[in-house]
Amino acid sequence: MCYAYRLGFSQEEARSNDNGEPSGSAGKPILNTILSHQLHYVFIAVIRYFGGTLLGVPGLIHAYKEASLDALAHAEIFEYEPLVEEEIEFPYSELNEVMKICKKLPIRILNQKIDNLCTFNLSFTQRNASEVLKALEKISRH
């Protein structure tokens with residue numbers, strides 16, 4: 001069984017395994033299918049039975065690529081965007097700036113306490129986390 005998976009949004013969270021096939025001829029084509037379809041949190045496994053014909057490396061690459069494409073064509077793909085929750089504290093004098101950031105970026109305010117020291121519980125997508133946190137780090141005192 002050869003396979004590939006991607007358990008996040010970065011390249012570091014993706015792996016493939018050739019399981020005895022020539023290097024790069026099985027897992028890599030499966031992983032390339034995952035990457036080209038921009039899928040995340042996915043696992044594709046392909047089992048190939050030897051039918052007596054040697055395919056060679058190009059034939060193996062083609063076979064594993066086609067099998068993974070066929071698997072995706074028959075799969076039900078669910079769209080889910082992982083969320084990050086963050087609590088920030090900031091002085092009341094920064095409230096307008098925080099609200100501008102919340103309107104500009106895709107941020108949802110889950111809970112808020114407005115006082116001399118304001119506390120907001122925010123939710124945003126993992127995909128936008130670095131951009132949101134960078135904008136908020138100038139203001140908040142975690």
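Buried means under 20% relative accessible area, exposed over 50%, and partly exposed in between (1.4 Å probe, protein chains only). The model is predicted: local features need pLDDT of at least 70, side-chain atom pairs count only at pLDDT 80 or more, and totals for chains, interfaces and linings use all residues. Residues are numbered from 1 along each chain as its sequence is written, and side-chain values use heavy atoms, leaving out hydrogens and water.

Rings of Phe, Tyr and Trp (its six-membered ring) pair if their centres lie within 6.5 Å; planes under 30 degrees apart are stacked, over 60 edge-to-face, and the rest tilted. The count is 4 aromatic pairs. Tyr3 and Phe43 are stacked, with centres 5.4 Å apart and planes at 25 degrees. Tyr3 is in strand S1 (residues 2–6) and Phe43 in strand S3, so this pair ties together parts 40 residues apart in sequence; strands are DSSP runs (E, at least two residues), numbered from the N terminus. Tyr3, Tyr5 and Phe43 form one aromatic cluster.

Phe90 and Phe120 form an edge-to-face pair, 5.2 Å centre to centre with 70 degrees between the planes. Phe90 belongs to strand S4 (residues 83–91) and Phe120 to strand S6 (residues 117–125), so the pair links parts 30 residues apart in sequence.

| Residue | Relative accessible area | Class |
|---|---|---|
| Tyr3 | 22% | partly exposed |
| Phe43 | 47% | partly exposed |
| Phe90 | 0% | buried |
| Phe120 | 0% | buried |

With a disulfide taken as a pair of cysteine sulfur atoms within 2.5 Å, the count is 0 disulfides. Cys118 is in no disulfide; the nearest cysteine sulfur, that of Cys102, is 12 Å away. Cys118 is buried, at 0% relative accessibility.

Note on methods:
Helices (H or I, at least four residues) and strands (E, at least two) are DSSP runs, numbered from the N terminus.
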